[in-house]
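User: I have a model open and would like to go through its fold and a few residues with you. Could you take my questions one at a time?

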Amino acid sequence: MDPCEFRLKNCMEDGFVDPANGITFHSYGLKKCIEEGRRHIRWDEKWSAYRNQTGPVRKGVGMAIFCYKTGVHPISLETASARMILNQDGSMQLCMGATEIGQGADTVFTQMASQTTGIAFDKVYIVSTQDTDVTPFDTGAYASRQTYVSGMACKKMRRGIPP
């Protein structure tokens, strides 16, 4: 199936109401973006010309889409949690549900917990296992949200006491 058609067929429509939370989806311009991109790069012409090629060297055309924060407006379902455990030697275990995916989140969380509690940075040990049995809830590593949302869970733990 044509990748543009597949994506257009599966995009949410304006006015869609999420049956799980009742939130109404409003316009995001993704369909228009696909259609404009399709026209601008002459997608249909290229897709037709390239689709039946044979041989070891071929030409192609591709596309991908991304939509930031789909479906969370207007209530912004951004939640995160932190658990800070003071150890007998004065160090701290910082348990986060947020996932470190190479962006430095664990370092930032450790810095924020250190600054908030006054415990030295090198005495804050982060538990980064994302196991729902041992770490608190976090909605995920997406949308450049971890420092702002998950990090705020560290900052709000004033001296280890939840707000």
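Analyst: What follows goes from the overall fold to single residues.

Analyst: This is a predicted model, in which local features need pLDDT of at least 70 and side-chain atom pairs count only at pLDDT 80 or more, while totals for chains, interfaces and linings use all residues. Residues are numbered from 1 along each chain as its sequence is written, and side-chain values use heavy atoms, with hydrogens and water left out.

User: Okay, how many helices and strands are there in the protein?

Analyst: The protein has 5 helices and 3 strands, where helices (H or I, at least four residues) and strands (E, at least two) are DSSP runs numbered from the N terminus. Along the sequence these elements come in the pattern α-α-α-β-β-α-β-α.

User: And what share of the residues is buried?

Analyst: Of the 163 residues in the protein, 28% are buried; buried means under 20% relative accessible area, exposed means over 50%, and partly exposed lies in between, with a 1.4 Å probe and protein chains only. The accessible surface of the protein is about 10800 Å², and carbon and sulfur atoms hold 54% of that surface; the areas come from the Shrake-Rupley method with a 1.4 Å probe, and for residues only the protein chains shown count as cover.

User: Let's look at helix 1. Which of its residues are buried?

Analyst: In helix 1, which covers residues 3–10, the buried residues are Pro3, Cys4 and Leu8. Viewed down the helix axis they fall within an arc of 130 degrees, so they line one face of helix 1; the arc is that of the directions from the helix axis to the C-beta atoms. Lys9 and Asn10 are exposed on the other side of helix 1.

User: What covers that buried face, and what caps the N-terminal end?

Analyst: The cover over the buried residues of helix 1 includes helix 2 (30–40) and helix 3 (43–50). At the N-terminal end, Asp2 caps helix 1, with a side-chain oxygen 2.7 Å from the backbone nitrogen of Cys4. That is a polar contact, a pair of N or O atoms within 3.5 Å; within protein, one must be able to donate a hydrogen and the other to accept it, and residues adjacent in sequence count only if both atoms are side-chain atoms.

User: Since cysteines came up, how many disulfides are there?

Analyst: The structure holds 0 disulfides, a disulfide being a pair of cysteine sulfur atoms within 2.5 Å. As for burial, Cys11 counts as buried at 10% relative accessibility, and Cys154 is buried with a relative accessible area of 0%.

User: Switching to the strands, how do strand 1 and strand 2 run?

Analyst: Strand 1 (residues 82–86) and strand 2 (residues 92–96) run antiparallel and are joined by 5 bridges; two strands pair if DSSP finds at least two bridges between them. Met84 has Leu94 in strand 2 as its bridge partner. Their hairpin has 5 residues between the strands, and in it Gly90 takes a positive phi near 90 degrees.

User: Which residue other than glycine has a positive phi?

Analyst: Arg42 has a positive phi, near 60 degrees. Arg42 sits in the loop between helix 2 and helix 3 and is partly exposed, with a relative accessible area of 45%. For background, most residues other than glycine have a negative phi.

User: Now Thr110: is it buried or exposed, and what does it touch?

Analyst: Thr110, in helix 4 (residues 105–117), is buried with a relative accessible area of 6%. Not counting residues up to four places away in sequence, Thr110 touches Leu94, Phe121, Val124 and Ile126.

User: And Thr116?

Analyst: Thr116 is also in helix 4 and is buried, with a relative accessible area of 18%. A polar atom of the Thr116 side chain lies 2.8 Å from the backbone oxygen of Met112.

User: Last one, where is Lys155, and what is it in contact with?

Analyst: Lys155 is found in helix 5 (residues 146–155) and is partly exposed, with a relative accessible area of 32%. Leaving aside neighbours within four places in sequence, Lys155 is in contact with Met112, Gln115 and Thr116. Lys155 and Ala82 are 73 residues apart in sequence, and their C-alpha atoms are 9.3 Å apart in space.

Note on methods:
Contact = heavy atoms within 4.5 Å.
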